[in-house]
Amino acid sequence: MKQIPAKARAVIIGGGVVGASVAYHLAQLGWKDVVLLERKQLTCGTTWHAAGLIGQLRASNNMTRLAKYTADLYARLEQETEIATGIRANGSITVALSNDRMEELRRGQAMAQSFGVEVAELSIDEIAQKYPHLNVSDVVGGIFITRDGQGDPANITMALAKGARMKGVKIFEGVKVTAIDQANGRVSGVETDQGHIEVDYVVNCAGMWARDVGLMAGVAVPLHAAEHFYIVTEPMAAMTRGLPVLRVPDECAYYKEDAGKLLLGAFEPESKPWGGGGIPDDFCFDQLPEDFDHFEPVLEQAINRFPPLAEAGIQTFFNGPESFTHDDRYHLGEAPELKNFYVAAGFNSVGIQSAGGAGMVLAQWMEDGAPPVDLWDVDIRRNLPFQNNRTYLAARVTETLGLLYADHFPYRQYASARGIRRSPLHQHLEKLGACFGETGGWERANWFLPRAELEAGKTAEYEYSWGKQNWFDHSAREHMAIRENVGIYDMSSFGKIRVDGTDASDYLQLICANDVDVPVGKIVYTQWLNNKGGIEADVTVTRLGEDSYIVVTPSTTTTRDMAWLQRNKPQDAAVSFVDVTAMEAVICVMGPKSREVLAQVTPQALDNEAFPFGWAKQAEVGMGMARLHRVTYVGELGWEIYVSSDQAQHIFETIHAGGEKQGAQMCGLHMMDSCRMEKGYRHFGHDVTDEDHVLEAGLGFVVKIDKKSGRFGSFIGRDAVVAKKQSGLQKRMLTFILRDPAPLLFHNEPILRDGEVVGHLTSGNYAHYLGAAIGMGYVPVREGEALKDMLASSYTINVAGKICEAEVSSKPFYDPTSERVKG
């Protein structure tokens, strides 16, 4: 193609494997007038030098489904396009050099059961047999994934591009995008060095240039290039042909045999960011300077692991850039800042194995106007504005590259790019012994050292393992304080959105499944639903005035929720939305003795008659003013105290002093998670997603299908709720508690019903009050089956290969009637 068109339905920016996949899948859906623009030549950025590993098992069910689709797609592309893709399903071996790593592999193997991936544990002898000459003297064990394999990245891209062309997609090389036009909040055009294209949709698949392309449209695409190293040997006589892909994550290394040669690549613990000052305009199939000193530690370990390497000639020492994100998850979906501007970028060295599935779901998202499955893991709406900061990204990607092969311990915290967002209470919490974790850039107190250990000079820091970590007993003490006495904790990081205007009530009646046209001061727990009845948000909405509300949401969903409010707003709605998260601190006082603590610091009456559950009131606290919300996420009597940031330290000091007299315990957010699980409270992103129907999630009690509609009509998702009531549930959210108090649950452990895998845990923790690990997950409903029949079955949970008996309930195991909350 030589002359770019004046108009197109969709323009895809970037001709790597991801852009080619999006083009291919849009064409498969019947889209016409699709144009792909590549600044130089197809694959010339990072695709051409990818290792071409194609794995099946990912960290979640839907990501695994997409990886499996990718492998199947590549296998059939050759016949469809007559371009060889080099696909070989030769399997993969991952070996463990420590007991911790073996525990991780066993948990992954168990998880694979519920995801439909064939994984086998290997003995040391079996590893040696499958990979001749491998030094297994210090190997603990390993796993084999049967359908993993490898392919030719450049030819896969060319096959996708040819498949797209066969359906009418126009592909232009040597065309540079210079600007993105927009009108009325949506993308309207693309400016290039060869002219203007009027468009309805733009897809940013620009790889390591995606951040810059995003800035043209005012869209944040947080990613940064980092140097990625590998070597390719000369043909080796000792090399067995057709070997599986080998991963030795404890040595940061992966091995791929191809035509008797060996490719050895590395994901070293501390990487080298690149391109922060701008990528050269003429970059095309370029390599970066060699840095043998950086790669040498990995090579030395590899020679010990695979001794024939010592005698091998090195054909290629390669160093090339790849884009990485701040959390090792790629960016996918419609940008919250600009309608019809979509992104698929930042693939963290798994672009080849992800591109097929990512292109398929993104094309379907564009077709339907909504994601076809839950994609929250990679949804671009998870990002926060500060995360597009180049200095932040450079600091973070020094760590995220290496985290791909690091031990994936539960509760592992980032070590880099920390301290960016701090609660007004941060210094107080630090002095009181807090150990901080990071979520959405917020430094959050997750647990506290006991006072005696703090005074003895001990530092609050994580010691990671797959067992009970060093903070387990500390968090248990905090949990029990909430249950038996009183605890104080900081919840300032949770998102807060003000909704104001004369149409605020009518508009929220459209958005919320519960009835929010309530008296001033009433707190409403509600979900925001999509047209399928799936859960887009799980929030509380408090009416502050006739035309004013505040929405409280998890700290990582603020961008998503703001985008949902903006996208569904009728043009004539007199309503505005403002993120006010940083304006107020939130101090929580929870537990059966919470009244006693607060009675010392406020003249506000706190008895049930004067201050019932589910209400908010302005009150004096100390010498300041605050808004007290009687609501809970831990399942106890208590209040969330909202206070302007300027008064937060004074009011915290006042409450803490009052708490000291009652023996109050400072608590962290690990406590909040273990308490909420005992009480059966859902967690957005784990237990409830946009793919989970609100009735199947067990939240029908807060859905009001007969509520009075505002002037914008019935709430979104009402028809889907009515339809589900008529057709019946296909799955139910159930809670499980292990009979053995020793094993630990985290999430994704398979659920077995009468010995058959039927699902997996969406979340897990330790129920300290109940004395065993607890988890929640969905179980399919058999046709015509009543709840009592489901509960009558025998349930077990697979914990790293050990089958553990579990009790099951559709109600919370702790305080099922909420007497303590309302006491």
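**A walk through the helices and loops**

Let us start with a pair of helices: H1 passes H8 in a right-handed crossing, where right-handed means that the near helix is turned clockwise from the far one by less than a right angle, and left-handed that it is turned anticlockwise. Before going on, please note that this is a predicted model, in which local features need pLDDT of at least 70 and side-chain atom pairs count only at pLDDT 80 or more, while totals for chains, interfaces and linings use all residues. Residues are numbered from 1 along each chain as its sequence is written, and side-chain values use heavy atoms, with hydrogens and water left out.

The helix and strand names come from DSSP runs numbered from the N terminus (helices are H or I, at least four residues; strands are E, at least two). The axes of H1 and H8 come within 8 Å and cross at roughly 40°; such axes are lines fitted to C-alpha atoms, for helices over the stretch in contact, with angles from 0 to 180 degrees between N-to-C directions. That makes H1 oblique to H8, because angles under 35 degrees count as roughly parallel, over 145 as roughly antiparallel, 65 to 115 as roughly perpendicular and the rest as oblique. On the H1 side, Val-17, Val-18, Ser-21, Val-22, His-25 and Leu-26 meet residues of H8, among them Gly-351, Ile-352, Ala-355 and Met-366; contact means heavy atoms within 4.5 Å. The residues of this contact between H1 and H8 divide into ten nonpolar, five polar and no charged (Ala, Val, Leu, Ile, Met, Phe, Trp, Tyr, Cys and Pro count as nonpolar, Asp, Glu, Lys and Arg as charged, and the others, Gly among them, as polar).

Among the buried residues of H5 are Pro-153, Ile-156, Leu-160 and Ala-164; buried means under 20% relative accessible area, exposed over 50%, and partly exposed in between (1.4 Å probe, protein chains only). The 14 residues of H5 should span 20 Å at 1.5 Å a residue, and its end C-alpha atoms are 20 Å apart, which agrees; the expected span is 1.5 Å times one less than the number of residues.

Next comes Tyr-201, which sits in strand E11 (residues 195–204). With 16% relative accessibility, Tyr-201 counts as buried. Beyond its neighbours within four places in sequence, Tyr-201 contacts residues including Arg-9, Trp-31, Tyr-342 and Met-366. Phe-341 is 140 residues away from Tyr-201 in sequence, yet their C-alpha atoms are 6.0 Å apart.

Now for two loop residues. Most residues other than glycine have a negative phi. Glu-82, however, has a positive phi near 65°; Glu-82 lies in the loop between H2 and strand E4 (92–96) and is exposed, with a relative accessible area of 69%. Asp-328 has a positive phi too, near 60°, and belongs to the loop between strand E17 (314–324) and strand E18 (331–334).
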